Amino acid sequence: MESAIRSVPALAAGLRRTHCHPLPVSSTALFGQRALVPLYQVENGSQDREIAGAAHAVSTVADMLRRLASAYGEWRDFDVPAFFNLWPEQARLLVHISERVSTVHVTFYADLLLPSFQRVERYWAEEFFPAFHAAHPFHRQPDRRTSYNEHFLEITQPKMVAYWERLLRVVRAVQEELSTDPTFLAAAGGGEERERWRRVWQEEPAPGLPAALLPGLDELPSLTLSMNFPLPAHRQLGRLRRLRRTWERFGPRRRSG
């Protein structure tokens, strides 16, 4: 799921690359095929209610990540959907786990829980993206007007700006709400998620987009959570090899003695 749009920085990168991005499939459309359990549901209503619901959900997930460090080793094969109480297709989008030599790295894409994010991500993939490509040839000929061009500039793009600005307000407000929550602060992974997309800001952005849709990378908020913890010793391949070599060197000697 590396190409999926699952965070505010990823969506901003998609916006910048609208002119050259592969035809997108909305992550929200895939994600929303089954209802989330109440734990993750954020009310799709007023901005204040969304902020309060998102703060509660993200804080709860941050606590789950804290507990995951001790629970991980209890599983022979860690079952992501079971631990997080998600359907498999939801787990594939929300959670990424990477086992390294001696550590485990877990990322939870909490931006995807927000109705504001779901709205703007799906709008970008299913409406803004095709409308941009219908209008785009004429961005290089500003005097040439067509119905595609006018519809994009007068309706599609302003709607995208409104959705995008609402999303940024919500995410920043949730961050402020959680600014004294030590569990959230320990798991905050927004900086790491921004770094994943930094290369996109070294490219020329899509032509003709307003500044509101081309924010600087470092000013982008994100509720992405991440956690590192030691890989349980019995799962470390290098440690197993070292133990086996030690046994081969000294085990027979002990038995013969």
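How many helices and how many strands does the chain have? The chain has 10 helices and 3 strands. Keep in mind that this is a predicted model.

Let me give you the order of the elements. Starting at the N terminus, they run α-α-α-α-α-β-β-α-α-α-α-β-α. The chain has 257 residues, and 47% of them count as buried. Next, the contacts.

What is the order of its strands? The order is β1-β2-β3, in an open sheet of 3 strands with antiparallel pairing. β1 and β3 stand at the edges. Each has a single partner strand, so one side of each is left without a neighbour in the sheet. On average, neighbouring strands here are turned by 15° against each other, direction ignored.

Let's take the pairs in turn. Strand β1 covers residues 95-99, and it pairs with β2 in the antiparallel sense over 5 bridges. A hairpin of 3 residues joins β1 to β2. Look for Ser98, which stands opposite His105 in β2. Then find His96, whose bridge partner in β2 is Thr107.

Thr107 also takes us to the next strand. Its bridge partner in β3 is Ser226. Strand β3 covers residues 225-230, and it pairs with β2 in the antiparallel sense over 6 bridges.

On to the aromatic rings. How many aromatic pairs does a search of the whole structure find? The search finds 11. Here is one of them. The rings of Phe78 and Phe83 have their centres 5.6 Å apart, with their planes at 50°, so this pair is tilted. Phe78 and Phe83 are both buried.

Here is another. The rings of Trp124 and Phe129 have their centres 5.9 Å apart. Their planes are at 80°, so this pair is edge-to-face. Is Trp124 buried or exposed? Trp124 has 0% relative accessibility, so it counts as buried. Phe129 is buried too, with a relative accessible area of 5%.

Ring pairs also build a cluster. Its members are Tyr40, Tyr72, Phe78, Phe83, Phe84, Phe108 and Phe229. So Phe78 and Phe83, from the tilted pair, turn up again in the cluster.

Last topic: charges over rings. Which ring does the charged end of Arg34 sit over? That charged end sits over the ring of Trp87, 3.9 Å from its centre. There is also Arg119, which lies over the face of Tyr163 at 5.8 Å from the ring centre.

To recap, please take away the open sheet with the order β1-β2-β3.

Terms used
Residues are numbered from 1 along each chain as its sequence is written. This is a predicted model: local features need pLDDT of at least 70, side-chain atom pairs count only at pLDDT 80 or more; totals for chains, interfaces and linings use all residues. Side-chain values use heavy atoms; hydrogens and water are left out. Helices (H or I, at least four residues) and strands (E, at least two) are DSSP runs, numbered from the N terminus. Buried means under 20% relative accessible area, exposed over 50%, partly exposed in between (1.4 Å probe, protein chains only). Two strands pair if DSSP finds at least two bridges between them. Rings of Phe, Tyr and Trp (its six-membered ring) pair if their centres lie within 6.5 Å; planes under 30 degrees apart count as stacked, over 60 as edge-to-face and the rest as tilted. A charge sits over a ring if NZ of Lys or CZ of Arg is within 6 Å of the ring centre and within 35 degrees of the ring normal. Axes are lines fitted to C-alpha atoms, for helices over the stretch in contact, and angles run from 0 to 180 degrees between N-to-C directions.
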